[in-house]
Amino acid sequence: FKTHYPIHGQPDIFIRPNICIFADGCYWHKCPQCGFGELRQRDKQVTKELQRQGYTVIRIWEHDIKSGQFDGLNQLLN
């Protein structure tokens, strides 16, 4: 894997050949569950464009990582 791979949206983690993982901070990416408003339009556009190009996009919220609610990639990829 590589971090901050230089493709559209610059994913936090990139796993070859086509997996893009973003760890979205609740404040900066406007987590609706945490009461910060609507998901940023830019994030939606980045996800849509990467998917159009054939990438698998995984977005993980900061609060899920901190609380231990995130069980790993197998859960998301299956």
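In which sense do β1 and strand β2 pair, and over how many bridges? The two pair in the antiparallel sense, over two bridges; strands count as paired if DSSP finds at least two bridges between them. Thr3 stands opposite Ile13 in β2.

A word on the source. This is a predicted model, in which local features need pLDDT of at least 70 and side-chain atom pairs count only at pLDDT 80 or more, while totals for chains, interfaces and linings use all residues. Residues are numbered from 1 along each chain as its sequence is written, and side-chain values use heavy atoms, with hydrogens and water left out.

Consider next the sheet. Four strands form an open, mixed sheet in the order β1-β2-β3-β4; strands are DSSP runs of E, at least two residues, and helices runs of H or I, at least four, numbered from the N terminus. β1 (2-3) and β4 (56-61) each have a single partner strand, so one side of each lacks a neighbour in the sheet.

The largest nonpolar core has nine residues, among them Cys20, Phe22, Leu50 and Val57. Such a core is a set of buried Ala, Val, Leu, Ile, Met, Phe, Trp, Tyr and Cys residues joined through side-chain atoms within 4.5 Å; buried means under 20% relative accessible area, exposed over 50%, partly exposed in between (1.4 Å probe, protein chains only).

Thr47, in helix α1, is buried at a relative accessible area of 15%. Leaving aside neighbours within four places in sequence, Thr47 contacts Val57 and Arg59, contact meaning heavy atoms within 4.5 Å.

By contrast, Trp28, in the loop between β3 and α1, is exposed, with a relative accessible area of 63%.
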